[in-house]
Every structure is written in C-alpha cells, then in structure tokens.
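Let's take a walk through this protein, from the overall layout down to a few individual side chains. Have the sequence and the model open side by side.

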Amino acid sequence: MNKGRTTPSATRRRRRTSRRVAEIAVATAVAASCGATVGPATPALAGGSPGPYCAGSARTDIPADGPAAASRAVRVEGGFYAQTGLYWPPTTAILCQEPPNTHHPLFRAGRGGCASGTLPFLIPNDLGPVVAGSPPPWGTFLPPGWYYLGNDAPPGWSDLCWAVTKPATS
C-alpha cells in the first residue's frame with residue numbers, strides 16, 4: 001500500500017496541470033501587456049507613413065489610383081485639407097482638415113491623372129519629416145464631393161480626383 005505517498009501517475013497529472021496553468025498565465029499576461037501597450041490605437045497597417053495625428057478627428061482616408069479607385073471614391077465635406085500620411089494595402093492617403101493660410105495658395109487645380117468625368121485638385125502633401133503629433137500647418141480648399149487619389153501631382157502636392165456624384169463602378 002501507498003501510505004501517504006502519491007502514485008507516479010498522480011504526480012505526472014499534477015505537473016501537467018501546473019504546466020498548463022503556467023502557460024495560460026503567461027499567455028494572459030502577454031495579451032494584457034500588448035493591450036496596455038497598444039491601447040485604443042487604430043488597426044495595424046502593412047506599410048506606409050502614418051503621419052501626424054489629425055486634430056479634432058478631422059481625418060479622412062482616400063483610396064489611391066488604380067483600376068478600382070474611382071469606384072471606391074470617398075465622400076468629403078468641403079473644407080481645407082492636407083495629406084499627412086499614406087498606408088497600404090490597399091494604397092490609401094490620409095487627409096487632415098486644416099485651416100487656410102494666406103501665405104499659401106487657398107485653392108489649386110491639378111494637372112490631370114484622373115479618370116474622365118472627374119476634376120483634379122491639389123492639396124499640400126506633408127509626408128516629409130515632421131515632429132510626431134504635429135499636424136500640417138495649412139491646407140487648400142476642396143469642394144464637397146467624392147474623391148480618390150490621382151497620380152500626376154508636382155512634388156510637395158497630392159492630386160485628388162473630384163466628382164459631384166459617386167463615380168460608377170466599371
């Protein structure tokens with residue numbers, strides 16, 4: 001008889017249970033620390049330049065040029081905007097609504113790079129080195145309508161293709 005001693009199988013069971021409890025505790029701690037580190041952040045993006053934070057939640061994501069860009073056009077309220085970031089996939093521009101500045105153009109027409117039936121407008125492209133968390137200092141005017149990112153802008157600018165109504169899916 002086994003007076004007060006545990007059997008080898010009981011010892012193994014206890015070790016397995018202890019190991020499982022330890023694994024669960026470690027997994028829980030790792031998950032909690034990731035949640036605490038990440039906090040209420042936006043979902044991870046595969047690549048790009050996220051740009052500074054847009055003040056007052058005035059951020060708009062605009063799809064980039066490509067075969068389906070016009071059909072994915074996004075509704076934008078009229079106002080002054082600057083491009084502050086870019087991420088992919090799919091390639092998407094981040095716009096912040098910004099105040100106008102009388103030392104910079106208030107309105108600028110684009111050169112092209114848009115599908116027929118849309119007009120190009122230029123906004124400043126502030127993707128250079130910036131202080132983290134600082135918004136771009138100014139924007140150019142965009143009328144209300146549907147937009148997607150064009151592909152024929154001069155350096156320091158971004159082309160946005162504008163339509164009064166949402167472009168049809170081809």
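This is a predicted model: local features need pLDDT of at least 70, side-chain atom pairs count only at pLDDT 80 or more; totals for chains, interfaces and linings use all residues.

Residues are numbered from 1 along each chain as its sequence is written, and side-chain values use heavy atoms, with hydrogens and water left out.

Start with the big picture. The protein chain has 1 helix and 9 strands, where helices (H or I, at least four residues) and strands (E, at least two) are DSSP runs numbered from the N terminus. Reading from the N terminus, the order is α-β-β-β-β-β-β-β-β-β. Of the 170 residues, 31% count as buried. The accessible surface comes to about 10400 Å², with 62% of that belonging to carbon and sulfur atoms; these areas come from the Shrake-Rupley method with a 1.4 Å probe, and for residues only the protein chains shown count as cover. A contact here is heavy atoms within 4.5 Å. Among contacts with a separation of 6 or more, 67% are between residues 24 or more positions apart.

Now look inside. A nonpolar core is a set of buried Ala, Val, Leu, Ile, Met, Phe, Trp, Tyr and Cys residues joined through side-chain atoms within 4.5 Å. The largest one has 13 residues, and those with the most contacts inside it are I62, L95, L142, Y147 and L160. Strands β5, β6, β8 (145-149) and β9 each give two or more residues to this core. Apart from it lies another core, of 5 residues, including A70, A73, Y148 and C161. Click on Y147 and, leaving out residues up to four places away in sequence, you'll find it touching I62, P63, A73, V74, V76, F121, L142, L160, C161 and W162.

Which cysteine is joined to C161? The partner is C114, with the two sulfurs 1.9 Å apart, and a search of the whole structure finds 1 disulfide (a pair of cysteine sulfur atoms within 2.5 Å). The pair links distant parts of the chain: C114 sits in the loop between β5 (92-97) and β6 (119-124), while C161 is in strand β9 (residues 157-163), 47 residues apart. The link is left-handed, with -85° about the S-S bond. How do the two ends compare for accessibility? C114 is partly exposed because its relative accessibility is 21%, whereas C161 is at 0% and so counts as buried.

Side chains of opposite charge can pair when their charged atoms come close. The search finds 1 salt bridge, meaning a side-chain nitrogen of Lys or Arg within 4 Å of a carboxyl oxygen of Asp or Glu. The side chains of D61 and R59 meet in it, at 2.8 Å from N to O. D61 has 26% relative accessibility, so it counts as partly exposed, and R59, at 39%, counts as partly exposed too.

Neighbours within four places aside, T92 is in contact with D61, I62, P63, A64, G85, L86 and Y87. Is T92 buried or exposed? T92 is buried, because its relative accessible area is 7%. Its side chain reaches the backbone oxygen of P90 at 2.8 Å.

Another threonine, T140, is in strand β7 (residues 140-142), and it is buried because its relative accessible area is 0%. A polar atom of its side chain lies 2.7 Å from the backbone oxygen of L122. Beyond four places in sequence, its contacts include F80, L106, I123 and W157.

Finish at N125, in the loop between β6 and β7. N125 counts as partly exposed because its relative accessibility is 24%. Its side chain joins that of S158 in a polar contact of 3.0 Å. That term covers a pair of N or O atoms within 3.5 Å; within protein, one must be able to donate a hydrogen and the other to accept it, and residues adjacent in sequence count only if both atoms are side-chain atoms. Leaving aside neighbours within four places, N125 is in contact with Q83, G156, W157 and S158. N125 and T84 are 41 residues apart in sequence, yet 6.4 Å apart in space, C-alpha to C-alpha.

Terms used: Buried means under 20% relative accessible area, exposed over 50%, partly exposed in between (1.4 Å probe, protein chains only).
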